[in-house]
Amino acid sequence: MIYTENHSQLIHQFRNYFSSQSAFLFSKGRVGLYASIRALNLAEGDVVLMPGYTCLVVPAAVMAQGLKPSYLDIDPVTYNLNPRLLDSYNSSNVRALIVQHTYGVPCDMEAVLSWGKANNAAVIEDCCLSFGSTYQDQLCGTFGLASYFSGQWNKPFSTGLGGMLAVNQAELAEQIQTIIDRELIEPSLVYRLLVWIQIQLHERLVTPSTFQLIMRLYRVVSKAGLAVGSSTSCEYRGKLHPNYFMGMTSAQAKKGVAEMLTIEANLGHRRSIAGLYESQLSDRGFAPVSVPYQASPVYVCYPVRVKNKHDLLDQAQRKGVEIGSWFESPLHPKGTDLASLQYDIGSCPEAETAAGQVITLPTHRKITPPIAERILDFIQHHAEPV
Ligand SMILES: *Cc1c(COP(=O)(O)O)cnc(C)c1O
C-alpha cells in the first residue's frame with residue numbers, strides 16, 4: 001500500500017479522538033472487523049458471538065475465516081444485544097464477542113465486558129452506527145480490544161465508502177500491522193477513480209428531496225458494475241470477493257480528514273435533530289427510545305416502531321420524504337440468505353420483530369429542523385404506532 005499524507009493525517013486524528021493505541025484504514029468498515037478477527041488467531045470452528053440484528057457483512061467477515069457466527073437476540077428497547085442473554089448462553093467455544101452500538105445507542109458495556117472477561121472472549125465494538133456516543137461518560141469505541149467504523153454514505157460520516165479501525169492493545173495492533181504488510185491490496189486506478197467520482201457526485205447531488213431517487217439509481221448502477229457498491233453478491237452467502245482486503249484510497253482519506261475537522265458540528269447537529277424527534281414523538285403518539293442505563297447516544301438515525309412499515313416506506317418514497325429502513329432483516333438487507341450465514345429463523349424473535357417494525361429518521365447535516373418537522377408530520381399522518 002502506498003500511504004499519502006491524507007492517510008497519516010486521518011490515522012492521527014482517529015488515534016487522538018479515541019485515544020487508541022493504533023488506527024488503521026481500509027476500503028470498508030467490515031475489512032477492519034476482518035483484520036481484527038484475523039489478528040486474534042482463532043482456531044477453525046471457534047465461535048464469534050454477535051447480535052442477530054446486524055449487517056450481513058459482519059457474519060460474512062467471520063465465516064470467511066472458518067469461524068462460526070452465533071447470534072444473540074436484542075433488547076427491544078436499546079436494539080443492542082441483550083446482555084441478560086449472555087449469561088444463559090452456553091458455548092465454551094466462544095472466543096470473541098462483537099458488540100454493536102445500534103443507531104448510536106451505546107450497548108450496556110459493563111455487563112458485556114464482565115462477561116467477556118469471565119469467558120475469556122475478546123470484545124470487539126461495531127461502531128459503524130455510532131460516533132461520539134458515550135456510555136458512563138466514556139466514548140464508544142474505547143472499551144473493546146478493537147473497534148471498527150464505516151465510512152459508507154449514510155454512516156455517522158462518510159469517507160465515500162471506507163473503513164477505520166481503532167485498536168486499543170499493542171499486541172493486537174502489531175498482529176494487524178503484520179497482516180496488512182503482507183496482504184493488504186492497493187486500490188486499483190479504476191477503483192480510485194470511481195470512488196472519487198462518487199464522492200464528488202454525492203456531495204453535490206444528494207439532498208433530502210433527491211435521496212430516494214439517487215438511492216434507486218445507485219443500486220441499479222452499482223449492480224451493473226458502474227459504481228462501487230456496498231456489498232458484493234457473494235457476501236450474501238458468506239463468501240468474500242478476491243479484492244476484499246483492500247486499503248483506503250487517498251481521496252477517501254482526504255474526505256475523512258475533512259469530516260474529522262468538523263466532527264463536533266456534525267455530532268452537535270445530530271444531537272439536536274434527534275432531540276427534536278425525541279421531544280415530539282410522544283405528542284404525536286409514538287414512543288421515544290429510553291435507554292435504561294447511563295449513556296449519551298449520538299443517533300446516526302432515530303428508530304421508531306410502526307405497524308405499517310412497508311406501506312409507510314412506499315408512501316415516503318412516493319412523496320420524497322427521507323425515511324430509512326435499518327434493519328430490514330436480522331442480517332440486513334432483505335434478501336440475505338440467512339441459512340448460509342447460519343442464522344436460524346426464529347432464533348432472535350425480538351430482532352425479527354424489530355426488523356418488521358422499525359423505520360429510521362435521518363439526523364444528518366442536510367436535515368434542517370423544518371425538514372425534521374415535515375418527517376414527523378408525515379409519520380403522524382401515515383404511520384400506525386405499535
Ligand atoms: C454499515 C455497517 C457495517 C459495514 O460497514 P461497511 O463499511 O459497509 O463495511 C457493519 N456493521 C454495521 C452495524 C453497519 O451499519
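Helix α1 is followed by S19, whose phi is positive, near 45 degrees. The model is predicted: local features need pLDDT of at least 70, side-chain atom pairs count only at pLDDT 80 or more, and totals for chains, interfaces and linings use all residues. Residues are numbered from 1 along each chain as its sequence is written, and side-chain values use heavy atoms, with hydrogens and water left out.

**Exercise 1.** Determine what span α1 reaches, and which of its residues are buried.

*Solution.* Step one: helices (H or I, at least four residues) and strands (E, at least two) are DSSP runs, numbered from the N terminus. Step two: α1 covers residues 5-18, which makes 14 residues. From first C-alpha to last it reaches 20 Å, close to the 20 Å expected at 1.5 Å a residue; the expected span is 1.5 Å times one less than the number of residues. Step three: buried means under 20% relative accessible area, exposed over 50%, and partly exposed in between (1.4 Å probe, protein chains only). The buried residues of α1 are N6, H7, L10, Q13, F14 and F18. Because they cover an arc of only 130 degrees around the axis, they lie on the same side of α1; the arc is that of the directions from the helix axis to the C-beta atoms. Step four: on the other side of α1, E5 and N16 are exposed.

**Exercise 2.** Identify what covers the buried residues of α1.

*Solution.* The cover includes the elements β1 (22-26), β8 (138-139), β9 (146-150), β10 (163-167) and α9 (250-261).

**Exercise 3.** State where Y34 is placed, whether buried or exposed, and which residues it contacts.

*Solution.* Step one: Y34 belongs to helix α2 (residues 29-39). Step two: its relative accessible area is 12%, so Y34 is buried. Step three: contact means heavy atoms within 4.5 Å. Leaving aside neighbours within four places in sequence, Y34 is in contact with A61, Q65, L240, Y244 and F245.

**Exercise 4.** Describe the largest nonpolar core and another core apart from it.

*Solution.* Step one: a nonpolar core is a set of buried Ala, Val, Leu, Ile, Met, Phe, Trp, Tyr and Cys residues joined through side-chain atoms within 4.5 Å. Step two: the largest has 81 residues, and Y53 and Y277 have the most contacts inside it. Step three: apart from this core lies another, of 19 residues, among them F18, F157, M248 and V257.
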